[in-house]
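Welcome to a short tour of a protein model.

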Amino acid sequence: MPAGRSGEGVPAEGTEASGLSLAARNLGRALDEAGAGSRRVREAVGEFVEEVTFAGADEIRAMLREVLAEDWAALPAWARGLAYRLACLQRPDDAGLLREAAADLLCFGPDRDREAEELRRRAAEPE
């Protein structure tokens, strides 16, 4: 059974977490608790990638807000970037999403500043 399907990654009280949110929490936990080359990490990465690949933009945004509110550093930059990228590809004209993705990119150093500025530029374009 993939990580997160067995009841790990319990959602906040009164809410029901999606498979994507559980996968994100399990990824963060696995990275914290195990070595980068461990089987648990490989499984958590695989589960997260599979879940985020087939998630809709609303589900991705909800997961990011939920998981990052619990622990801002829970997801590595590559996982956040992938999630935002997939959401932005689904909603290329959603100015709020583009600004959110740009702000997140800017949190991780200058490597992706050019992409962040492009997202900001697209968000500022009139419809």
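Does Cys107 count as buried, partly exposed or exposed? With a relative accessibility of 43%, Cys107 counts as partly exposed; here buried means under 20% relative accessible area, exposed over 50%, and partly exposed in between, using a 1.4 Å probe and protein chains only.

## About the model

This is a predicted model, in which local features need pLDDT of at least 70 and side-chain atom pairs count only at pLDDT 80 or more, while totals for chains, interfaces and linings use all residues. Residues are numbered from 1 along each chain as its sequence is written, and side-chain values use heavy atoms, leaving out hydrogens and water.

## Overall layout

The protein has six helices and zero strands, where helices are DSSP runs of H or I with at least four residues, strands are runs of E with at least two, and numbering starts from the N terminus. Buried residues make up 38% of the 127 residues. Taking a contact as heavy atoms within 4.5 Å, residues 24 or more positions apart account for 53% of the contacts with a separation of 6 or more.

A search of the whole structure finds zero disulfides, a disulfide being a pair of cysteine sulfur atoms within 2.5 Å. Cys88 is buried, at a relative accessible area of 7%.

## The nonpolar core

In soluble globular proteins, nonpolar side chains tend to be buried together. The largest nonpolar core here has 31 residues, and Leu20, Phe48, Ile60, Met63, Leu64 and Leu75 touch the most other members. Such a core is a set of buried Ala, Val, Leu, Ile, Met, Phe, Trp, Tyr and Cys residues joined through side-chain atoms within 4.5 Å.

At least two residues of this core come from each of α1 (19–33), α2 (39–53), α3 (57–70), α4 (77–90), α5 (95–106) and α6 (113–124). The largest share, six residues, is supplied by α3. Setting aside residues up to four places away in sequence, Leu64 touches Ala69, Leu75, Arg80, Ala83 and Tyr84.

## Helix α1

α1 is mostly covered, with eleven of its 15 residues buried. Among them are Gly19, Leu20, Arg25 and Asn26, and the buried residues of α1 pack against α2, α3 and α4.

Asn26 has 2% relative accessibility and so counts as buried. Its side chain makes a polar contact with the side chain of Arg29 at 3.2 Å; a polar contact is a pair of N or O atoms within 3.5 Å, where within protein one must be able to donate a hydrogen and the other to accept it, and residues adjacent in sequence count only if both atoms are side-chain atoms. The C-alpha atoms of Asn26 and Glu43 are separated by 9.5 Å, though these residues are 17 apart along the chain. Asp32 also lies in α1, but at 65% relative accessibility Asp32 counts as exposed.

## Helix α2

How far apart are the end C-alpha atoms of α2? They are 21 Å apart, which agrees with the 21 Å that its 15 residues should span at 1.5 Å a residue; the expected span is 1.5 Å times one less than the number of residues.

In α2, the buried residues are Val41, Ala44, Glu47, Phe48, Glu51 and Val52. Because they cover an arc of only 130° around the axis, they sit on the same side of α2; the arc is taken from the directions from the helix axis to the C-beta atoms. This buried set packs against α1, α3 and α4, while the face turned away from the buried side carries the exposed residues Arg39, Arg42 and Glu50.
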